[in-house]
Amino acid sequence: MTSEVLARIQPELIGQALRFPRVYQAYQDLYAVRPTAEQQAERQAQRLDALLRQVLTDVPAWRDLGINPTDDPHELLRSLPTLTKEQITDDLSAHVSDQLDPAQCVAVVTSGTTGRPLRIIHSAEHLIHSAATELARQTAYGLPFDRKTLQPFKMGGAGWLEYTAVNTGFTRVAEFGFLEEMDKAARAEIARRCVAFAPDAVFSHPTRIAGLVELLVEAGIDHLAVPVIRTFGETLTQPLRELFSDFFGGKVRNQYALNEVSTVASECDHGSMHVDTHRLWVEILDADGEPVPAGVPGEVTVTNFFNPVMPFVRYRTDDIAAWSGEPCGCGDPAPTLSLIAGRDHGAIAFGDGTSIDALRVVRAIEHVPLSRLQVVQDEQGLTILVSPLPHTPDERRPDGWVDGPCVDGVAAAVEQAVRSVVGDRLTITVREAAEADFHRTGRREKTPSFVSLVPTSVR
């Protein structure tokens with residue numbers, strides 16, 4: 001398993017090495033010294049102007065609006081419609097630039113919590129500036145470029161993997177797999193490796209870092225000194241923040257990120273969530289698309305300055321936040337967010353009282369050709385609602401599809417993927433679903449990738 005994972009990530013590691021000279025130059029030129037508020041506002045206006053001129057010329061969905069650039073990029077941005085994930089997935093080619101150079105881009109697939117896989121194309125400039133801001137962030141946290149970062153429960157399957165990530169300063173990274181796939185001796189060995197690795201930082205979802213604490217305590221380790229504990233992807237509760245601070249003895253720093261645009265905001269030493277104004281323009285909008293005043297919750301809407309090949313312009317995230325409205329004592333002029341409600345992946349529960357992150361099941365299915373998926377748990381087990389891609393060949397849709405697993409088709413591939421995560425602990429049914437069959441939540445009736453119908457009392 002370890003060699004397979006390493007082989008999978010090697011192309012990305014090579015790409016990081018090739019980009020690093022430009023990453024470091026961007027870090028030195030733009031991020032190593034904090035600009036004044038006036039300088040940053042001028043940079044933002046220049047970057048926004050360049051982005052919108054290119055997007056309105058080269059990207060069909062935006063070009064078809066028939067809007068011409070103006071001298072005021074902020075006024076121009078406000079005149080543009082907002083963008084949703086559903087609009088992109090419904091017509092991906094219209095949201096990709098005519099000037100796309102595949103050799104200079106990286107494509108990733110994400111389903112997030114919507115259940116609709118989205119293919120994202122990141123330009124080289126996006127990758128370079130995302131990495132440069134990460135270098136600046138690590139410097140602010142007091143970490144060296146060649147730090148050691150532990151990423152618990154990241155690998156699929158059991159095992160331990162170490163590699164060097166050049167992109168953010170020759171970072172030595174260690175990852176390991178999931179506890180339910182290890183016996184007691186294997187878990188003890190992973191705990192020993194964690195201690196021997198002596199990480200400068202731990203970086204993962206809060207629930208996974210909590211699992212790391214449990215792993216170490218099980219092995220008789222009641223403290224592991226780590227200078228910085230970084231969380232993302234889930235709500236960081238105060239009890240978990242206190243647990244991490246006490247167990248690791250370091251500073252706990254949260255960040256809010258999206259696969260579409262990378263980090264949106266990150267926590268400073270004063271506890272404020274500063275927006276990454278170097279790369280993004282962020283708006284907080286009400287249900288009608290109008291900006292809200294400080295302190296009033298609204299939807300986080302982002303524009304990425306550095307990805308004109310697949311621009312996320314006024315992209316509605318479906319995450320709720322508010323502007324704090326108060327300057328931060330750390331001196332960073334970037335505005336700060338108060339996160340109110342993000343997206344929760346949820347957990348798949350087993351009869352023995354244990355559970356796993358539902359996102360693991362969703363991720364396992366992503367390689368199957370689907371336009372939409374939703375994992376639904378009830379007291380009978382898991383039902384996987386799917387809509388195949390329109391171009392799925394007829395021979396992959398044999399008789400018996402609607403009633404459950406078929407031998408050669410998409411349903412069999414879905415079931416196999418789910419079994420690879422949950423094993424035989426739950427009954428699995430795969431069913432092709434019409435639009436009306438999917439469960440919807442949220443103000444815009446979003447289709448979450450996981451829905452639990454299990455009563456709380458039996459979870």
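Me: Is the crossing of H8 and H9 left-handed or right-handed?

Reply: The model is predicted, with pLDDT of at least 70 required for local features and 80 or more for side-chain atom pairs, while totals for chains, interfaces and linings use all residues. Residues are numbered from 1 along each chain as its sequence is written, and side-chain values use heavy atoms, without hydrogens and water. The crossing of H8 and H9 is left-handed (the near helix is turned anticlockwise from the far one by less than a right angle; clockwise would be right-handed).

Me: Which residues make the contact between H8 and H9?

Reply: On H8 they are Pro206, Ile209, Ala210, Leu212, Val213, Leu216 and Val217, and on H9 they are Leu240, Leu243, Phe244, Phe247 and Phe248, where contact means heavy atoms within 4.5 Å. These residues of the contact divide into 12 nonpolar, no polar and no charged.

Me: Where does Asp72 lie?

Reply: Asp72 belongs to the loop between helix H3 (60–63) and helix H4 (73–79), and its relative accessibility of 31% makes Asp72 partly exposed (between buried, under 20%, and exposed, over 50%, with a 1.4 Å probe and protein chains only). Although Asp72 and Ala45 are 27 residues apart in sequence, their C-alpha atoms are 8.3 Å apart in space.

Key: Helix = DSSP H or I, 4+ residues; strand = E, 2+ residues; numbered from the N terminus. Nonpolar A, V, L, I, M, F, W, Y, C, P; charged D, E, K, R; others polar.
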